[in-house]
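Please open the model in your viewer and keep the selection tool at hand. The tour goes from a pocket to a core and then to a sheet.

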Amino acid sequence: MNEEFIKSLYQEHQEAAECPSPKIVREFFVHLLGFLFPEYAHAEIESFDRFKAIASGLRVSFDEIMNRNKGICLDEGINITDDFFDALPEIKAKLQMDVKAMYMGDPAAESHTEVVRTYPGFYAIAAHRIAHCLKQLKVRLIPRIISEHAHSKTGIDIHPGASIGDYFCIDHGTGIVIGETTVIGNKVKIYQGVTLGALSVDKKLAKTKRHPTIEDNVVIYAGASILGGDTIIGENSVIGGNVWLTKSVPPHSKVYYKAKMTNVEGGHDTITFKP
C-alpha cells in the first residue's frame, strides 16, 4: 500500500461519526439478559449484595457506552440510563408473557426454562424488547446492533422499530422477517419463514408506514408473506402456509394457499392446504 492510500484511510477514521463498538454492545446485552433471566447467567450469584453489585455494574457499562458515543442519542435532554433501567421491570414482565405463550403454543416444550434457555424465538424477542425500548428513547445504532446480534444467532430478523404486543409466540423461527413499521397485537403466533414486509423499498417512503398490521389472536403459518403498510390482518384470523397477501383481510378470516399438482398420468389434482 502506498502512503497516500494509508493517509486517505486515516482521514476517514478521523472524520468517522461516533459509533459504539458492536462487541461492547453485544457483551452488554448478553450480561443484561443474564441479569434478567438466571438461565443466561454466567455463574451462580452467591448473595443479594453481589446481585446488587451486578446491577450497578450494568448501569456503569451502559453509561460508559452512552458517554463514549454522545451523538447516538437524539434527545440530549433526558437521562437515558435512568429511563432505560426503570423500564426493565416492564420488559421482564412482557418477556415472561412471551415465554408463557411459547410454552403453551408448542406441545414439544417441557418447561418455561427450556423455552428461555433453548428457543431461538425467545432470544430474538428478548433482544427486540430491549432494542425497541432503546429506540423509543431515541437511541441510535445500539438498538440495531442488538437486533442484528440476535439475527445472526437465531435467523430471526426483527427491526427494533416494530411494535409487538403481549404474549408473542415464535415457533421454530428461522427465516422470520419483521419490518420496521410492523404493528403486531396481543397473542399472535408466527412460524418459520414468515415475512411481514414492505411492498416497496423506495427510499422516499422511509418515514411512512410500509409494513402490515397484525391484530390480536392471529396465527401465521410457515412461509407466508404479508406486505404493505395498508395491509391489516383482522383479529382471530388464520393465515396458512406460503400465502402471499398484499391486501387486508377482515377479522375471523381463514386464508389458505391453493395449488395444482400434476400426477403421473398427466392429470391435475387441486389440493387445498390447511395448517
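Begin by selecting α8, which gives 3 residues, the largest share, to the lining of the largest pocket. This is a predicted model, in which local features need pLDDT of at least 70 and side-chain atom pairs count only at pLDDT 80 or more, while totals for chains, interfaces and linings use all residues. Residues are numbered from 1 along each chain as its sequence is written, and side-chain values use heavy atoms, with hydrogens and water left out. Helices (H or I, at least four residues) and strands (E, at least two) are DSSP runs, numbered from the N terminus.

A pocket is an open set of points on a 1 Å grid over the protein atoms alone, where a 1.4 Å probe fits, with protein on both sides within 12 Å along at least five of seven lines; its lining residues have an atom within 4 Å of a point. Next select Lys-135, Arg-144, His-159, Glu-180 and Arg-210, which lie nearest the centre of the largest pocket among its 30 lining residues.

Now move to Phe-84, Phe-122, Ile-220 and Ile-239, which touch the most other members of the largest nonpolar core, a group of 69 residues. Such a core is a set of buried Ala, Val, Leu, Ile, Met, Phe, Trp, Tyr and Cys residues joined through side-chain atoms within 4.5 Å, where buried means under 20% relative accessible area (1.4 Å probe, protein chains only).

Finally, show the open sheet of 4 strands, whose order is β2-β5-β8-β11 with parallel pairing; two strands pair if DSSP finds at least two bridges between them. Within this sheet, select Thr-213, whose bridge partner in β11 is Ile-232.

Conventions: Buried < 20%, exposed > 50% of the residue type's maximum accessible area, 1.4 Å probe, protein only.
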